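Dear colleague,

I am passing on the structure below, followed by my notes on what was found in it. Please read the notes with the model open beside you.

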Amino acid sequence: MDAIECIKTRTSIRKFKPDPVPKDIIIELVDTAKWSPSYKNSQPWEIMVISGAKKDELSNMLIALLEKGSEICPDIPAPEKWPPEIAERISTHMKKRAEATGVDISNPETMKKAKIANFRFYGAPHAIYLFQDASLSSWSIFDLGLFAQSLMLAANAHSLGTVPQAFATDYAKDIKKFLDIPESKRLVLGMSLGYPDLTDRANSYRSERIDTVDIMKWAE
């Protein structure tokens, strides 16, 4: 798979096969992603891979926190509002996704089910958390985003699936305590990793992209 195909065929997977990914392949994915660019070559990324019984325990803890109505405490708060044109784009995307998958997260009860699916990492055999020192600036969050993209592309090149998960960081303090990640770290992103189950309806939807002319300007 060449680089262009890898970028264009990467998609968020929300149903996985249970088969574990060999540890040497996961290490190879991280070995590849670490070549991502970063401000002054600071490489401000750390990663934890959770599998097996530990992942099940983590999922159960997160679901228990949700069920008892614990207040969410992500290290990076969710956006409270969007510019109108982006809000419309998000609304259109969510409607099309609901039509294709039957999952309408505008419904509170469905949203809860969606969060539970998130916390179960969509059946993936591996959960990943990306984090960094909390004292780092916004540039370092950007750098970690580059690392995350490289990791997902490397996975796609190996015919593996991923999905970046903001919900998976909802209970950041509890997650860090459970995984022995120091409180001084900033939990930025959760991610599922595994072999995609492409027969499942959850993976039937592919999000669209806006026209290039709508995001590109020339100055000559």
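Residues are numbered from 1 along each chain as its sequence is written. The model is a predicted one, so that local features need pLDDT of at least 70, side-chain atom pairs count only at pLDDT 80 or more, and totals for chains, interfaces and linings use all residues, while side-chain values use heavy atoms, with hydrogens and water left out.

The sheet

Four strands make up an open sheet with antiparallel pairing, and their order is β1-β2-β4-β3. The edges are taken by β1 (46-51) and β3 (161-165), each of which has a single partner strand, so one side of each is left without a neighbour in the sheet. From one strand to the next the twist averages 25°, where axes are lines fitted to C-alpha atoms, for helices over the stretch in contact, and angles run from 0 to 180 degrees between N-to-C directions.

Strand β2 (residues 126-133) runs antiparallel to β1 and is joined to it by six bridges; within this pair, Val49 stands opposite Ile128 and Met48 stands opposite Tyr129. With β4, strand β2 pairs in the antiparallel sense over eight bridges, and here Ile128 faces Met191. Seven of the eight residues of β2 are buried, so the strand is mostly covered; buried means under 20% relative accessible area, exposed over 50%, and partly exposed in between, with a 1.4 Å probe and protein chains only.

Helix α3 (residues 52-67) touches β1 and β2, and its direction makes about 95° with that of β1. Helix α6 touches β1, β2, β3 and β4 (185-194), and its direction makes about 155° with that of β2.

Individual residues

His126, in strand β2, has a relative accessible area of 5% and is therefore buried. Its side chain makes a polar contact of 2.6 Å with the side chain of Ser51, a polar contact being a pair of N or O atoms within 3.5 Å of which, within protein, one must be able to donate a hydrogen and the other to accept it, and for which residues adjacent in sequence count only if both atoms are side-chain atoms. Leaving aside neighbours within four places in sequence, the residues in contact with His126 include Pro20, Val21, Ile26, Lys55 and Leu193.

Ser140 belongs to helix α6 (residues 138-157) and, because its relative accessible area is 6%, it is buried. Not counting residues up to four places away in sequence, Ser140 touches Pro44 and Gln132.

Thr32 is in helix α2 and counts as partly exposed at 41% relative accessibility. The C-alpha atoms of Thr32 and Ser150 are separated by 7.4 Å, although the two residues are 118 apart along the chain.

Most residues other than glycine have a negative phi. Asn41, in the loop between α2 (23-33) and β1, has a positive phi near 55° and is exposed, with a relative accessible area of 54%. Asp180, in the loop between α7 (172-178) and β4, has a positive phi near 60° and counts as exposed at 69% relative accessibility.

The largest pocket

The volume of the largest pocket is about 1900 Å³. On a 1 Å grid over the protein atoms alone, a pocket is an open set of points where a 1.4 Å probe fits, with protein on both sides within 12 Å along at least five of seven lines, and lining residues have an atom within 4 Å of a point; grid points are joined across faces, edges and corners, and the volume is the space filled by probe spheres set on the points. Of the 47 residues that line this pocket, Arg14, Ile90, His93, Met94 and Arg97 are the closest to its centre. At least two lining residues come from each of α4 (84-101), α5 (108-119), β3 and β4, and the largest share, eleven residues, is supplied by α4.

With kind regards

Methods
Contact means heavy atoms within 4.5 Å. Two strands pair if DSSP finds at least two bridges between them.
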